[in-house]
Amino acid sequence: MRHTVRSYRGMVTAPHHLAAQAGLGVLQDGGTAVEASVAVAATLAVVYPHMTGIGGDGFWLVAEPDGRVHAVHGCGCAAAGADLALYAGHAGVPTRGPLAANTVAGTISAWAAALDQGGGSLPLDRLLRDAIHHAENGVAVTRGGAAIAAAKGAELRGQPGAYAAIFEPAGRPLREGERLYQPTLATTLRMLAGDGAEGFYRGALGALLAEDLATLGSPVSAADLAAHEATRPVPLHTRITDADLYNSAPPTQGFASLLILALFDRLKVARGEAFDHVHGLVEATKQAFLLRDRHIGDPAFHDFDVQGLLDGSAALDRLAAQIDPATALPWPRPAALGDTCWFGAADADGRVVSAIQSTYFEFGSGLVLPQTGVTWQNRGSSFLLAADGWNALSPGRKPFHTLNPALARFDDGRVMAYGTMGGEGQPQTQAALFSRYAHFGMGLQDAISAPRWLLGRTWGEASTTLKIEDGFAPELYTALAVAGHDVERIGPPSATMGHAGAIVRSGDGLLEGATDPRSDGQVAAW
């Protein structure tokens, strides 16, 4: 049984143990939490390629020792050639293949922007050292990675590019414990270490990326890469009892994550793990998702005052009053998709990082670029083929993102970084673990390990039922069904519920960390 990990000098939590150890090594070499997080991010791109990679997007929140919280968005736009004419004859943007690879990858730009303000001094080749080693010398395939490779192989191995050569070298998906080699990706990471992010977008590496993308049929061009820059939007924030909560601004669903907790705070639920707790969070989720699905996307294409709603106590009170304490709101809403990797780090100076990156679907678009070994995301497959409206495809537009890292500053001096993978499940799991820890006094590891629920889809199944793990009191399942929830019991704790993690730094410098037993993760502490 896992227990909350505690230390004082530094801490990293990640959904793969080798990534957590890579980050800890950076801290031990004098690096900051930001530098450690870059090492984690790079290593995850190698050891967890089914969930993330440098061909995807990334979002960061950083809590500084002086109390500031700032954000970095490495979010790529739709290519200049990704217009409606390109998809003539298609009912929607394909989820796999060249036409799914229609946005620039922003992850590397996010690393660079975070490092610019991270206060560290370690060279980039040190931060990428472990990732390069694992790519070149091989890494053992995890059980989860093997299962996904087997399940998705049929739709991936036929895609143009190097997927089959890298991930199915023996003509079949790699099995658990077999060794995955990515020497071409190792060479790419060495180029990054030498040239920095500039090379990915406007240098020799960028030229190779653009050449492969064009050869394989993607609309993303060298000009699209050269035009990309990370952004630094002000984080969204809201006030609840005894804490200030932070999350990422649009085009992410960070608004929904904050709104769920703001509404739940107003319900004044007295007991955790009982009907009022689960029902209250599920119903708050529905209110948040209804607003999210009408308004949240590229902020250049909507004028909804997201922060104004989160600041408005009267408006929040009205929304909370729409939650029936005994009856479920009918829920036929479609679900958002997506798979990600959340990770966190804290250093001895008091800096805390909450970050998340993704290629969207497992192995993204399925395009693995032969000259670089980079798996390109399919985030732009979420665009709608419409002339205008919510998340409509348009060159230069940013797609709606499920990715959203979370931070909290408590009035007693604690800082909490937390998050999870899991598309539609991200705001819900954030709400579950935060409420357990902050409202009901559950230990950090227990808050993550305890059974969870999910309204809608995370990854693996497309349905809008209220999926719920075993482990709650038997009467809870009955009470939820009687209240009108479409309860679907899924058995023991499952990766369906995502891979969560958290770090809390207390005012006296004590660090506490937790990782999800549903993942291959670890808390690495010093």
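Helices here are DSSP runs of H or I with at least four residues, strands are runs of E with at least two, and both are numbered from the N terminus. The model is predicted, so local features need pLDDT of at least 70 and side-chain atom pairs count only at pLDDT 80 or more, while totals for chains, interfaces and linings use all residues. Residues are numbered from 1 along each chain as its sequence is written, and side-chain values use heavy atoms, with hydrogens and water left out.

I will start with the rings. Rings of Phe, Tyr and Trp (its six-membered ring) pair if their centres lie within 6.5 Å; planes under 30 degrees apart are stacked, over 60 edge-to-face, and the rest tilted. There are 15 aromatic pairs in the structure. One of them is Tyr 163 with Phe 167, a tilted pair at 5.1 Å between centres and 35 degrees between planes. These two residues are 4 apart in helix α7 (residues 163-167), which means about one helical turn separates them. In general, an α-helix has 3.6 residues a turn, so residues three or four places apart point the same way. Both Tyr 163 and Phe 167 are buried, where buried means under 20% relative accessible area, exposed over 50% and partly exposed in between, with a 1.4 Å probe and protein chains only.

Another pair, Tyr 418 and Phe 434, is stacked, with 5.5 Å between centres and 25 degrees between planes. This pair links distant parts of the chain, 16 residues apart: Tyr 418 is in strand β12 (residues 415-420) and Phe 434 in helix α16 (residues 425-439). Tyr 418 and Phe 434 are both buried. Ring pairs also join them with Phe 410 and Tyr 437 in a cluster.

Next, the strands. Two strands pair if DSSP finds at least two bridges between them. Strand β3 (residues 57-63) runs antiparallel to β4, with 6 bridges joining them, and Gly 58 has Gly 74 in β4 as its bridge partner. The two strands form a hairpin with 5 residues between them, and Gly 67 in the turn has a positive phi of about 100 degrees.

How many residues of strand β4 (residues 69-74) are buried? The count is 6 of 6. On one side these are Val 69, Ala 71 and His 73, and on the other His 70, Val 72 and Gly 74.

Last, helix α2 (residues 33-47). Its 15 residues span 20 Å from first C-alpha to last, close to the expected 21 Å, which is 1.5 Å times one less than the number of residues. Helix α2 is largely enclosed by the rest of the structure, because 15 of its 15 residues are buried.
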